[in-house]
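Hello,

Here is the structure I promised to pass on. Please open it first, then read my notes below.

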Amino acid sequence: MSKTVVVVTGIPGVGKSTVLNLATKELIVRGFNVKVFNFGDFMFFTLHSGGLVRSRDEIRRLPIDVQCEAQISAAKEIRREIDSTSDEGKHVFIVDTHAVIKTTSGYWPGLPEDVVKCLRPKAIVIIEADVNEIIARQMRDRSRYRADYADVEILNELLLINRIYAISSATLVNAVVRIIRNKEGQPEKAAQELADLVMVLGNVI
Amino acid sequence: MSKTVVVVTGIPGVGKSTVLNLATKELIVRGFNVKVFNFGDFMFFTLHSGGLVRSRDEIRRLPIDVQCEAQISAAKEIRREIDSTSDEGKHVFIVDTHAVIKTTSGYWPGLPEDVVKCLRPKAIVIIEADVNEIIARQMRDRSRYRADYADVEILNELLLINRIYAISSATLVNAVVRIIRNKEGQPEKAAQELADLVMVLGNVI
Amino acid sequence: MSKTVVVVTGIPGVGKSTVLNLATKELIVRGFNVKVFNFGDFMFFTLHSGGLVRSRDEIRRLPIDVQCEAQISAAKEIRREIDSTSDEGKHVFIVDTHAVIKTTSGYWPGLPEDVVKCLRPKAIVIIEADVNEIIARQMRDRSRYRADYADVEILNELLLINRIYAISSATLVNAVVRIIRNKEGQPEKAAQELADLVMVLGNVI
């Protein structure tokens with residue numbers, strides 16, 4: 001009946017995974033077939049099978065050309081999976097990715113023109129959180145956020161850059177940009193907001 | 001002799017209509033043939049004749065797909081009117097629209113790639129106003145701004161998002177982005193600025 | 001062996017020329033063939049030989065159409081020189097330009113879609129400096145910065161607008177955006193950062 005593609009982005013430490021897990025459960029309860037594509041996994045698979053990296057952490061240290069090729073391959077593979085899904089029922093495809101990736105070279109677009117035009121999302125969601133909560137989360141789980149550990153000023157810059165990248169990409173595919181705040185201790189509320197958005201986009205309400 | 005297309009945007013409450021009316025009169029005095037296209041009217045006409053909405057307020061509650069189709073239809077219709085205008089005399093076409101629309105789903109681009117490439121404006125004007133003046137204006141005319149009523153923080157976010165969307169669109173068509181401040185009680189000044197811009201763009205001075 | 005195109009931008013007064021000169025020397029020491037294209041020179045050459053301007057200062061006062069044509073001509077000429085360079089050795093092509101140009105009409109994109117897709121840079125570098133240092137530099141050399149002299153508020157706006165334009169352009173060609181701070185008295189540090197970036201982009205390290 002309906003296929004809705006939503007891209008969900010967020011800088012490291014905003015609690016994106018938790019929100020996505022809760023939103024997915026909520027959407028299943030509401031009768032959706034939900035498929036979550038972790039964009040990094042698709043890139044890693046391409047690069048790993050090509051023998052270019054052993055861990056996901058190594059991706060952002062690769063030459064930018066190689067990253068670009070893996071990025072477009074990942075987008076095409078995700079699009080192929082979406083297109084090959086049966087038209088029966090209410091489907092929502094969530095692409096878990098970044099609007100911008102902080103690499104050793106600089107701010108690299110996560111949804112450049114060719115990628116976003118391949119994915120054709122109806123919405124680009126930005127999960128945001130209070131900067132101090134991001135720092136606290138990074139401190140609690142240093143192993144995971146090692147490469148992203150940052151101070152208030154750097155994080156505020158990154159949050160702004162992230163919004164600008166998301167909007168640049170949205171303009172190319174006429175997608176809505178939705179900012180969802182993930183408040184400490186209330187990921188269910190953010191997940192609910194995301195689930196409601198999918199309902200609206202899928203014309204279900 | 002000359003045809004100049006200018007897109008004029010501004011978030012609800014900045015006083016765009018007043019500035020546009022005054023600028024139009026000023027441009028006529030200066031010898032221009034002025035045509036103002038209200039983008040929302042063109043969208044409404046498409047949607048209303050299709051039986052999809054009864055009032056303009058209902059547009060932003062429609063499924064995003066339907067809004068997108070009406071949006072590109074409106075742009076094509078405006079372009080058709082511009083192209084069919086005689087080449088005699090100095091013509092200025094002002095498209096009264098939004099760089100971003102705050103919908104129930106999120107921030108929706110008012111000038112996505114297909115729309116802005118259809119309109120091909122020389123300038124995207126952003127009418128801005130002091131946040132407190134916007135709020136005061138919304139308070140004075142609650143019926144009109146009901147759906148847009150907002151506090152300082154939300155309005156500051158919207159003003160920034162609006163600029164980002166305008167710039168993203170301008171990059172696609174090599175248009176100038178011009179920010180015009182509409183100060184309380186001085187709409188004539190803002191209108192004068194807009195009229196002067198049209199003169200410059202039309203190579204008249 | 002390798003050809004790396006890097007666009008270097010910065011608003012007037014950040015000390016871009018100094019950083020570029022030092023970075024060029026550093027890159028030559030590191031074994032690169034470096035070619036710096038001053039975009040304004042290429043535009044000026046086109047316009048001057050067409051009899052449209054006598055000095056570079058006059059460019060931004062030209063009709064926007066004429067500027068647009070000169071802009072795309074300049075980009076094509078630079079691309080031609082890049083393509084005609086021998087494939088032997090490590091080449092870096094630095095395009096010295098602006099992400100946005102403040103004209104009498106408004107903020108004009110320095111890297112609109114057609115220009116940036118012609119240049120195809122791997123990185124768009126933004127040289128930034130402290131606003132008070134920019135003002136001090138403009139005060140010291142009033143003849144050079146006459147047209148750009150500005151106060152703190154205007155410069156902060158321009159720095160933000162510059163970032164937004166750079167990101168919009170980067171999204172179209174999947175380029176990295178790199179912000180390099182040029183601190184007063186330490187242009188060597190900024191130049192080093194730029195040289196290191198070129199090494200990373202050229203896959204040399």
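**Salt bridges inside chain C**

C:R163 and C:E128 form a salt bridge, with their closest N and O atoms 2.7 Å apart. C:R163 sits in helix 7 of chain C and C:E128 in strand 6 (residues 123-128), so the bridge ties together parts that are 35 residues apart in sequence. Both ends are out of the solvent by the numbers. C:R163 has 12% relative accessibility, so it counts as buried. C:E128 has 7%, so it counts as buried too.

Keep in mind that this is a predicted model.

A second bridge in chain C pairs C:K3 with C:D87, at 3.5 Å from N to O. C:K3 belongs to strand 1 (residues 2-9) of chain C, while C:D87 is in the loop between helix 3 (64-83) and strand 3 (90-96). The two residues are 84 positions apart, so this pair links distant parts of the chain.C:K3 is partly exposed, at 27% relative accessibility. C:D87 is exposed, with a relative accessible area of 57%.

A:E113 lies in helix 4 (residues 113-119) of chain A, and C:K117 lies in helix 4 of chain C, so the pair joins two chains. A:E113 counts as buried, at 11% relative accessibility. C:K117 is partly exposed, with a relative accessible area of 30%.

This pair is part of a network. Salt bridges that share partners join A:E113, A:K117, B:E113, B:K117, C:E113 and C:K117. Over all chains, the structure holds 54 salt bridges.

**Where chain C meets chain A**

Now the interface itself. In chain C, 22 residues are in contact with 24 residues of chain A. The two chains bury about 1800 Å² between them. Carbon and sulfur atoms account for 58% of that area. Three residues stand out: C:I167, C:T171 and C:N174 supply 35% of the area that chain C buries against chain A, more than any other three residues.

How many salt bridges does the rule find across the interface of chain C and chain A? There are 4. One salt bridge joins A:E157 to C:R181, with the closest N and O atoms 2.5 Å apart. Chain C and chain A also have 10 residue pairs in polar contact, both residues at pLDDT 80 or more.

Four elements of chain C each supply at least two residues to the side that touches chain A: helix 4 (113-119), helix 7 (152-173), strand 7 (176-181) and helix 8 (187-201). Helix 7 of chain C gives the most, with 8 residues. By class, this side of chain C divides into 12 nonpolar, 4 polar and 6 charged residues.

**Where chain A meets chain B**

The contact takes 22 residues from chain A and 24 residues from chain B. The area buried between chain A and chain B is about 1800 Å², and carbon and sulfur atoms give 58% of it. In chain A, the residues that lose the most area to chain B are A:I167, A:T171 and A:N174. Together they make up 35% of what that side buries.

Between chain A and chain B the count is 4 salt bridges. A:R163 forms a salt bridge with B:E157, and the closest N and O atoms are 3.3 Å apart. Polar contacts across the interface of chain A and chain B come to 10 residue pairs, both residues at pLDDT 80 or more.

On the side of chain A that touches chain B, helix 4, helix 7 (152-173), strand 7 (176-181) and helix 8 (187-201) of chain A give two or more residues. The largest share, 8 residues, comes from helix 7 of chain A. That side has 12 nonpolar, 4 polar and 6 charged residues.

**Chain A as a whole**

Chain A has 8 helices and 7 strands. Its C-alpha atoms fill a box of roughly 45 × 40 × 30 Å, taken along the principal axes. With 205 residues, a compact globule would have a radius of gyration near 17 Å, and the 16 Å of chain A agrees with that. Of the 205 residues of chain A, 56% count as buried. Among contacts in chain A with a separation of 6 or more, 76% come from residues 24 or more positions apart.

Best wishes

Methods:
Residues are numbered from 1 along each chain as its sequence is written. Chains are lettered from A and ligands numbered from 1 in the order in which they are written. This is a predicted model: local features need pLDDT of at least 70, side-chain atom pairs count only at pLDDT 80 or more; totals for chains, interfaces and linings use all residues. Side-chain values use heavy atoms; hydrogens and water are left out. Contact means heavy atoms within 4.5 Å. Buried area is the accessible area (1.4 Å probe) that two parts lose on being put together, summed over both. A salt bridge is a side-chain nitrogen of Lys or Arg within 4 Å of a carboxyl oxygen of Asp or Glu. A polar contact is a pair of N or O atoms within 3.5 Å; within protein, one must be able to donate a hydrogen and the other to accept it, and residues adjacent in sequence count only if both atoms are side-chain atoms. Ala, Val, Leu, Ile, Met, Phe, Trp, Tyr, Cys and Pro count as nonpolar, Asp, Glu, Lys and Arg as charged, and the others, Gly among them, as polar. The radius of gyration is taken over C-alpha atoms; the globule rule is 2.2 Å times the number of residues to the power 0.38. Buried means under 20% relative accessible area, exposed over 50%, partly exposed in between (1.4 Å probe, protein chains only).
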